[in-house]
Amino acid sequence: MIIERVYANVASYDRSEWPWSLPCVSRLLEDGLRITAPVTFLVGENGTGKSTLVEAVAEGFGLDSWGGSHDWRYASHRPKSVLGERIRLDATPYGRRMMGSWSARKGFFLRAETALDALDREGFAPHSVSHGEGFLAAFRGKFFQPGLYVMDEPEAALSFSSCLELLGHVEQLVKNGGQVICATHSPLLTALPGADIVEIGEHGMRRVAWSDLALVDHWRRYLADPHSYLRHVLD
Ligand SMILES: Nc1ncnc2c1ncn2[C@@H]1O[C@H](COP(=O)(O)OP(=O)(O)O)[C@@H](O)[C@H]1O
Ligand SMILES: [Mg+2]
């Protein structure tokens, strides 16, 4: 593991203003978030703040918030996000050695919206390949160096079998000393044994077992009987 706690350093803030208005961010200000496993999934409804958090973690580590690897730290010249400016990461002894020098910091930020751009810059996704193929090329080519890998809904571009392949790369990465923080809606990805799942919502943040996740329950019931859900939205 590289990072064992995420918190934010803010002297004063306006609770009515984004991002401080998000329950998960006020929780971060009050208690911080302990990271207890090499793979952490953030789950929760749309708009609860998953992207806000993962982007800030990537920025806090020095990854380009536009997406990409340590090699592209300054490539997009985007200013950091409001939370990214103030987020702090407590590193493990191993993480401190890695974070002690810029050249030793390794990692990758994969963000669905800008992934193709970022992968193109790094030579992983010529425009002739699909979004998902570009992701797979990046996993195959980049997910071996120990480092911090931050992902925002990687499943958006991936088929079922590609999601499974991703878990294989993640396991390899963790064996090599890497760490993953990933926002997701995927019941497949979150089933990775040993991963920590943090659910974000009105309550702030809490750890949840995979089998107790609302998203897993919904998928189970939907697959067993699609009509039980569809009747609520279709005439
Ligand atoms: N740059 C921004 N300025 C103001 N509000 C924002 C900004 N980015 C996101 N938000 C708001 O913060 C909330 C959480 O967004 P986001 O982190 O993208 O949620 P999620 O990824 O969980 O769907 C949303 O209501 C969104 O509209
Ligand atoms: Mg999001």
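**Chat about cavities, a helix and salt bridges**

Guide: In this predicted model, helix 7 gives the most to the lining of the second largest cavity, with three residues.

Visitor: Nice. What else lines the second largest cavity?

Guide: The lining is made up of Val39, Phe41, Met151, Leu166, Leu167, Val170, Val180, Cys182 and Leu189. Strand 3 (39-43), helix 7 (160-175) and strand 8 (179-183) each supply at least two of the lining residues.

Visitor: How many of those are nonpolar, polar or charged?

Guide: Nine are nonpolar, with no polar and no charged residues.

Visitor: And how much space lies in there?

Guide: About 30 Å³ in the second largest cavity.

Visitor: How many cavities of 30 Å³ or more does the structure hold?

Guide: Two. The largest cavity has about 70 Å³ of space, and its lining consists of Val6, Leu28, Leu33, Ile35, Leu42, Leu53, Val54, Val57 and Ile181. Here too the lining divides into nine nonpolar, no polar and no charged residues.

Visitor: Which element gives the largest share of the lining of the largest cavity?

Guide: That's helix 2 (residues 50-61), with three residues.

Visitor: Let's stay on helix 2 then. Is it mostly covered or mostly uncovered?

Guide: Mostly covered, with 10 of its 12 residues buried. Among the buried ones are Leu53, Val54 and Val57, which also line the largest cavity. The buried set includes Lys50, Glu55 and Glu59 as well.

Visitor: What span should helix 2 have, and what does the model give?

Guide: At 1.5 Å a residue, its 12 residues should span 16 Å, and the end C-alpha atoms are 17 Å apart, so the two agree.

Visitor: What follows helix 2?

Guide: Gly62, which has a positive phi, near 100°.

Visitor: Changing topic: how many salt bridges does the structure hold?

Guide: Eight. One of them joins Asp196 and Arg207, with the closest N and O atoms 2.9 Å apart. This pair links distant parts of the chain: Asp196 is in strand 9 (residues 196-201) and Arg207 in strand 10 (residues 204-207), 11 residues apart.

Visitor: Is Asp196 buried or exposed?

Guide: Asp196 is buried because its relative accessible area is 12%, under the 20% cut-off.

Visitor: Which residue does Arg206 pair with?

Guide: Arg206 meets Glu199 in a salt bridge, 3.4 Å from N to O. Glu199 counts as buried at 14% relative accessibility, while Arg206 is partly exposed at 43%.

Visitor: What about Arg27 and Asp31?

Guide: Their side chains form a salt bridge too, 2.7 Å from N to O. Arg27 is partly exposed at 29% relative accessible area, and Asp31 is partly exposed at 43%.

Key: Residues numbered from 1 in each chain as written. Chains lettered and ligands numbered in written order. Predicted model: local features only at pLDDT ≥ 70, side-chain atom pairs only at ≥ 80, totals over all residues. Heavy atoms only, no water. 1 Å grid on protein atoms, 1.4 Å probe; cavity = no way out; pocket = protein on both sides within 12 Å on 5 of 7 lines; lining within 4 Å. Points joined across faces, edges and corners; volume = space filled by probe spheres on them. Helix = DSSP H or I, 4+ residues; strand = E, 2+ residues; numbered from the N terminus. Nonpolar A, V, L, I, M, F, W, Y, C, P; charged D, E, K, R; others polar. Expected span 1.5 Å × (residues − 1). Buried < 20%, exposed > 50% of the residue type's maximum accessible area, 1.4 Å probe, protein only. Salt bridge = Lys/Arg side-chain N within 4 Å of Asp/Glu carboxyl O.
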